Amino acid sequence: MENLIRREKLGEGSYGVVYRAVNPDTRCLVAIKKIRFHHDNEGIPSAVIREIALLKELKHPNIVELQDVVMMEKEVQLIFEYLSMDLYRHFEIVHSKGEKMHANSIQSFLYQVTDAIYFCHRRRILHRDLKPQNLLIDSTYTRIKVGDFGLSRAFDLPVRSYSPEVITLWYRAPELLLGSQQYCCPVDIWSIGCIFFEMLTMKTLFPGESEIDQLICIFKILGTPNEENWKGITQLPNYSSSFPIYPINKLTMFVRKDLDKNLNASAVDLLNRMLCYQPSERIIAKDIMKHSFFQGMPVLKQ
Ligand code: AMP
């Protein structure tokens, strides 16, 4: 693995630059994530050790495989299987052609991502940074895999306090935006819900520009939450009684406008369950996979 021939830069993540490379022995493509250390005495950052430890545990057909780890004097290189595209780029391509994603692909991609996250949640691992850039698609457009566990971490039950500054704004759950320190698996489900909407409509659901703007974007579509639909909301650190009041949940109306004819009411029902305000009432990964939205879906070979 040390003789890899490096090709072009693929992207940049939370911790390092990602390059495409070829293994000269096998001729296989790999993705190398290079993580440099700036301070001599610090050793390997704990976030990196965490990512490596987690990824080594997470062997699943829908999780990007960590193939090897190369330790160097001032950097660590994580060698991953190579995938040809991320979902963000896929959206760009489909959008530039004025098209939409096929109903079958939406069904299949959503199922696969949920399967991967169910696998993580069962092992008490939160991803915490699910977004289209972290979902990688293979060259046949059939397999989607969750990558970039740089921000995820094993969590113990009962849930401890974590920093709320962890998920890219547009996909960030409202409990994090409101400063809750007791979040858990529902934060990943919220992100998947936002991605699901984007697959259905090719539009970003909540494109906020700041934390407060993000909340307002959510309120405008789902209605301003209150103690009736989110017990305990008024106790959250960033809650304000002077939030603007949007009384109506317009999500169903909003999504139907753009929905493909082939996608029936069950897509709307599932979306509403994923974007439920009260985290404890939000649908869990296991139940997403049993939802009628997936009825009739062809079985994907592992
Ligand atoms: P990450 O640090 O994992 O968020 O990666 C940053 C970007 O590099 C991603 O958005 C992808 O476009 C690209 N990338 C990461 N991992 C891979 C991979 N295994 N194969 C192909 N591209 C990747």
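Trainee: Which strand gives the largest share of the lining of the largest pocket?

Mentor: In this predicted model, the largest pocket is lined by 24 residues. Strands β1 (5-12), β3, β5 (75-81) and β6 (85-86) each supply at least two residues of that lining. The largest share, 3 residues, comes from β1.

Trainee: From which domains does the lining of the largest pocket draw at least three residues each?

Mentor: The residues nearest the centre of this pocket include G11, V18 and D86. At least three lining residues come from each of domain 1 (5-81) and domain 2 (85-294).

Trainee: How many residues of the lining of the largest pocket are charged?

Mentor: The pocket has a volume of about 610 Å³. Its lining divides into 9 nonpolar and 7 polar residues, and the charged ones number 8.

Trainee: Is K34 buried or exposed?

Mentor: K34 is placed in strand β3 (residues 29-36). Its side chain makes a polar contact with the side chain of E75, at 2.9 Å. Buried means under 20% relative accessible area. Because its relative accessibility is 16%, K34 counts as buried.

Trainee: Which helix supplies the largest share of the lining of the largest cavity?

Mentor: The largest cavity has a volume of about 40 Å³. Residues lining the cavity include L87, F109, I144 and M199, and the lining divides into 10 nonpolar, no polar and no charged residues. Helices α3 (103-122) and α5 (186-201) each supply at least two of the lining residues. The largest share, 4 residues, comes from α5.

Methods. Residues numbered from 1 in each chain as written. Predicted model: local features only at pLDDT ≥ 70, side-chain atom pairs only at ≥ 80, totals over all residues. Heavy atoms only, no water. 1 Å grid on protein atoms, 1.4 Å probe; cavity = no way out; pocket = protein on both sides within 12 Å on 5 of 7 lines; lining within 4 Å. Points joined across faces, edges and corners; volume = space filled by probe spheres on them. Nonpolar A, V, L, I, M, F, W, Y, C, P; charged D, E, K, R; others polar. Buried < 20%, exposed > 50% of the residue type's maximum accessible area, 1.4 Å probe, protein only. Polar contact = N/O pair within 3.5 Å; in protein donor to acceptor, adjacent residues only side chain to side chain. Domains from an automatic or database assignment.
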